[in-house]
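Subject: Handing over a structure and what was found in it

Dear colleague,

I am passing on the structure we spoke about, and below it you will find my notes on what was found. Please keep the sequence and the view open beside you as you read.

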Amino acid sequence: MKPNRLNRMAVLVISTMSLAGMSIPANAQQQPQEEQKQPHKQPQQQEPSQKQSEQDQKRRQQQEQKRTRQQAQEEQRQQEKQSQEKERLQRQSEEDQKRQQQQQQERARQQAQEEQRKQQKESQEKERRERQSEQRDERREREAEQQDRRISRQQQQQLIHQQQGEVKQYRRYLEQQESRARDQAEELRRQNRLAQYRYQEEYLEHLRQQQRRLRDERFDYDRDPYFYAAPIYRYRRDGRYYEINRYGANVLRQALHAGYAQGFRAGEADRRDRWRAAYRDSYAYRDASYGYRGYYISRSEYNYYFREGFRRGYEDGYDSRYRYGRYADGNYFMSDNILSQILNFESIR
């Protein structure tokens, strides 16, 4: 019994093996077919993935471009904003500067007006004092005319004769000044002292006018009160006393005023030329006859007091101050107290 079972089991095993052997070739045949079908399926699966990748890349590029564009727009807006802010600040700065300039101009204008009002007030006050002084002088002159004592006829003739000699000498002197003035003017041009040169030319023109007046004048000695009025003042010069009537005294005052005025202009001219202070080098100081008519007092007497005024005026003009004088009505005058100190008239009546 046992052998039969073994035989049947063997048969079953063989059958199974044969069946198994039969199935292997079948699987082997199916496998290539599936492999053949598989390559056709892979491109279909890869194509959507590649498209998706390209779309993603394109989308990223678009997003990157968008971000770049937005960033550029933002930078442009920032630049425009900064530019607008810079323009605003510049306009504000210009407006502030313009406003400050207007304020400065307004302050300067107000200051100039205030100074002008102050000068006008001072000028009016000076004019008032001068009018009062002139009125007092006129009143004294009228009183003096009424009380004038006459000198003798002999003294009068002697005075007239002396005066005529002075006039002749003065005329000759004026004729000789033209060549001396030209030499002085040439020296000023060489030194490039243009302001002093212009001043001297004005001075010389005035001397020419004096010369013409003196040449054309017809002087009436007999009717002029100077030649018959008695002296009323005494003054001291160079250790000597001199007597003079009021007409001669007025000429001495005029000499001091004229000297101060011409000295001021000469000093001012040297200051403008940046030249050293040297009043004695001025032609006007050496001449010292500006304003001299040739009558009443000698030229040497006029020269002395002209130079006294010139020296003080030169100092004021060179230093740009008014220590010895004042300015009024377009001219310079010596102060009354300085003038009185220099002349120091003593009444003898």
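**Cavities**

A search of the whole structure, which is a predicted model, finds 2 cavities of 30 Å³ or more.

The largest cavity holds about 60 Å³ of space, and its lining is made up of L174, Q177, E178, A181, L204, L207, R208 and Q211. If you colour the structure by element, you can follow how helix 2 (153-190) and helix 3 (194-216) each supply at least two residues of that lining. By type, the lining residues of the largest cavity divide into 4 nonpolar, 2 polar and 2 charged.

The second largest cavity has a volume of about 40 Å³, and the residues that line it are Q184, L188, R193, Q196, Q200, D281, S282 and Y283. Here too, helix 2 and helix 3 each supply at least two residues of the lining, while the division by type for the second largest cavity is 2 nonpolar, 4 polar and 2 charged.

**Two residues to look up**

Which residues is E301 in contact with, once its neighbours within four places in sequence are left aside? They are Y235, R237 and L252.

**A hairpin**

Lastly, please look at strand 3 (residues 325-328) and strand 4 (residues 331-334), which run antiparallel and are joined by 4 bridges. One of the pairings to trace is that of G325, whose bridge partner in strand 4 is M334. The two strands, strand 3 and strand 4, form a hairpin with 2 residues between them, and in the turn D329 has a positive phi of about 55 degrees.

With best wishes

Note on methods:
Residues numbered from 1 in each chain as written. Predicted model: local features only at pLDDT ≥ 70, side-chain atom pairs only at ≥ 80, totals over all residues. Heavy atoms only, no water. 1 Å grid on protein atoms, 1.4 Å probe; cavity = no way out; pocket = protein on both sides within 12 Å on 5 of 7 lines; lining within 4 Å. Points joined across faces, edges and corners; volume = space filled by probe spheres on them. Nonpolar A, V, L, I, M, F, W, Y, C, P; charged D, E, K, R; others polar. Pairing = 2+ DSSP bridges. Contact = heavy atoms within 4.5 Å.
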